[in-house]
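Please open the structure in your viewer and keep the selection panel at hand.

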Amino acid sequence: MLSPSSTRSLRMLHHFQRAMLSTLSQAQRQSLLQPLLSNGWSVTDGRDAIQKKYEFTDFNEAFGFMTRVALKADKMDHHPEWFNVYNRVEVTLSTHDCQGLSVRDIELAKFCDSL
């Protein structure tokens with residue numbers, strides 16, 4: 001069990017990391033976002049976010065995908081917006097801490113595509 005001072009230090013570090021997040025620069029959008037857009041991701045209308053629709057053979061495969069993404073997202077402390085019906089999963093990524101796309105979204109999108 002962590003001591004109260006260790007717990008406070010971890011909270012402060014987590015807060016600092018969240019505060020340091022910023023939206024992608026124009027250069028990052030060209031170098032980091034463009035490959036995702038070429039791989040089926042699209043920019044969400046009306047907000048600074050990206051989305052992709054995945055289709056699997058059945059519910060079990062779709063749920064397995066969601067479980068693997070959920071485990072990764074939880075480790076990153078970065079959680080997707082998603083919608084699932086049977087064998088389809090729609091994923092939307094945007095970083096709420098900076099109200100737009102960040103490197104966290106790029107990392108999680110690449111992870112989703114790697115599965």
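Select α3 and α4 together: their axes come within 10 Å and cross at roughly 150°. Axes here are lines fitted to C-alpha atoms, for helices over the stretch in contact, and angles run from 0 to 180 degrees between N-to-C directions. The two helices α3 and α4 are therefore roughly antiparallel (the term for angles over 145 degrees). Next, show the side chains at this contact (heavy atoms within 4.5 Å): F65, R68, V69, K72, A73 and M76 of α3 meet R104, E107, L108, F111 and C112 of α4.

This is a predicted model, in which local features need pLDDT of at least 70 and side-chain atom pairs count only at pLDDT 80 or more, while totals for chains, interfaces and linings use all residues. Residues are numbered from 1 along each chain as its sequence is written, and side-chain values use heavy atoms, with hydrogens and water left out.

Helices are DSSP runs of H or I with at least four residues, and strands are runs of E with at least two, numbered from the N terminus.

Which residues of α4 are buried? They are R104, D105, I106, L108, A109 and C112, where buried means under 20% relative accessible area with a 1.4 Å probe, protein chains only. Their cover includes α2 (26-37), β2 (50-55), α3 (59-76) and β4 (88-93).

Finally, select C112, which is buried at a relative accessible area of 1%, and then C98, which counts as buried at 15%.

Technical notes
Buried < 20%, exposed > 50% of the residue type's maximum accessible area, 1.4 Å probe, protein only. Parallel < 35°, antiparallel > 145°, perpendicular 65-115°, else oblique.
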